[in-house]
Amino acid sequence: MKRYLQYHVDDFVWDLAFRQWVLTPTRETEAQWRQWLVTHPDKAPLIDEARALVLALQPGDLPLSDQEIQQAVQRTIERTRQRGQSVSTAGSASRPVPLYQRPWLRVAAALLLLLGITGWLWLNYLMTDDARRPALVSYEQLVTAQKQTLMERFNQTKQTIPVKLQDGSLVLLKPGSRLSYVPEFRGTRREVYLSGEAFFEVAKDASKPFLIYANGLTTKVLGTSFLIKAYPKDPNVTVEVKTGRVAVFARKDPTHQQKVADRDLTGLVLIPNQKIVFEREQARLAKSLVDNPQLLPGPSQKNPFVFDDTPLPTVFTTLERAYGVNIVFDSDLLANCPLTAELTDQPLFEKLDIICRVIEAHYDVMDGQIVVYSHGCKP
């Protein structure tokens with residue numbers, strides 16, 4: 001975000017990332033911008049001004065047609081031109097005003113800038129009025145638009161069925177769900193289309209990313225296992241990661257095609273035991289933890305959660321490694337807090353509940369990580 005140090009108000013207004021943060025914020029972008037403002041507090045007035053301008057130009061505030069906009073611009077230009085001519089003829093001894101300083105041109109340019117921004121927002125974020133908002137892209141529309149011939153599996157049974165793909169990937173398709181795909185993956189990526197719910201175990205192939213399109217959300221992986229819930233009438237799409245890393249991004253993202261084409265994982269990246277909830281109407285992404293985080297696969301350890309007068313920083317580090325979840329805490333503050341407990345059989349959140357009761361602390365789940373709040377312990 002170094003480039004923002006050189007920005008003026010209009011630069012922020014035109015910046016795609018800035019507009020997305022203002023109009024469709026996520027926990028990730030909120031955290032990024034809050035941290036940037038903490039680091040550069042002198043930029044706060046500039047940010048406030050640019051933010052207010054973007055909010056004032058929301059698409060729902062623009063009831064004018066294209067013809068009305070053009071007429072308004074033309075009238076403004078004519079009026080300001082006439083005023084400029086009146087001022088110049090009032091004093092014959094006045095020096096000629098340079099073109100770039102003439103009031104009518106400056107006002108017209110400002111108006112065109114505002115109208116241009118508003119028009120862009122109107123096209124990209126759409127009207128808030130439901131009557132003007134086009135229908136969300138459906139599974140059928142995506143499948144029909146493909147030039148290649150696709151195979152479809154429709155699970156009409158009451159049991160989950162396995163679907164084996166040509167690259168070795170396995171899809172466990174839930175009842176009532178559909179999956180479309182090409183018989184053989186060729187080219188630079190593997191693409192499938194989902195309606196409903198499925199668990200994916202994707203074969204690793206770093207040279208050919210695997211992409212799932214479901215209800216306006218694109219999920220991109222190189223090789224991992226995860227669950228997607230994307231039912232046609234559900235307002236949300238959920239992605240839960242079991243192993244590996246997953247990148248997700250909205251179809252309405254201005255850089256969608258670039259992220260699809262990139263061989264690396266770009267977008268909002270999830271790790272094991274994290275999930276994303278995509279609100280389809282607002283195109284908003286919210287990252288959190290899965291409801292019941294599971295232990296990561298790995299070599300078995302004898303009694304890994306039996307603690308005997310163990311300092312809490314060591315306890316939290318043990319939990320982080322076991323579940324792959326980031327736990328934020330003040331290690332200096334908790335250095336004098338020992339724990340004696342056996343927490344082998346409890347789920348992660350129950351373990352945390354017990355620990356926090358012992359030291360009179362509490363925790364929150366924020367942006368896919370656990371934040372522990374404590375006053376510490378007396379030596």
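Predicted model: local features only at pLDDT ≥ 70, side-chain atom pairs only at ≥ 80, totals over all residues.

Visitor: Let us begin with α2 and α3. At what angle do their axes cross?

Guide: Helix α2, residues 16-23, and helix α3, residues 27-39, cross at roughly 115 degrees, and their axes come within 10 Å. The two helices are therefore roughly perpendicular to each other.

Visitor: Is the crossing left-handed or right-handed?

Guide: The crossing of α2 past α3 is left-handed. On the α2 side the contact is made by Ala17, Phe18 and Trp21, and on the α3 side by Thr29, Glu30 and Trp33.

Visitor: And how many residues of each class are in that contact?

Guide: The contact of α2 with α3 has 4 nonpolar residues, 1 polar and 1 charged.

Visitor: Now α9 and α10. What is the angle there, and how far apart are the axes?

Guide: Helix α9 spans residues 312-323 and helix α10 spans residues 348-359; they pack at about 170 degrees with axes 12 Å apart.

Visitor: Why would one call them roughly antiparallel?

Guide: Angles over 145 degrees count as roughly antiparallel. The angle for this pair is about 170 degrees, so α9 and α10 are roughly antiparallel to each other.

Visitor: Which residues meet?

Guide: From α9 these are Leu312, Val315, Phe316, Leu319 and Tyr323, which meet Leu348, Lys351, Leu352, Ile355 and Ile359 of α10. By class, this contact has 9 nonpolar residues, no polar and 1 charged.

Visitor: Changing topic: how many cavities of 30 Å³ or more are there?

Guide: There is 1 cavity of 30 Å³ or more. The volume of the largest cavity is about 30 Å³.

Visitor: What lines the largest cavity?

Guide: Its lining consists of Thr188, Arg189, Pro209, Val260, Ala261 and Arg263. These lining residues divide into 3 nonpolar, 1 polar and 2 charged.

Terms used: Residues numbered from 1 in each chain as written. Heavy atoms only, no water. 1 Å grid on protein atoms, 1.4 Å probe; cavity = no way out; pocket = protein on both sides within 12 Å on 5 of 7 lines; lining within 4 Å. Points joined across faces, edges and corners; volume = space filled by probe spheres on them. Nonpolar A, V, L, I, M, F, W, Y, C, P; charged D, E, K, R; others polar. Axes fitted to C-alpha atoms, helices over the stretch in contact; angles between N-to-C directions. Helix = DSSP H or I, 4+ residues; strand = E, 2+ residues; numbered from the N terminus. Parallel < 35°, antiparallel > 145°, perpendicular 65-115°, else oblique. Left-handed = near helix turned anticlockwise from the far one by under 90°. Contact = heavy atoms within 4.5 Å.
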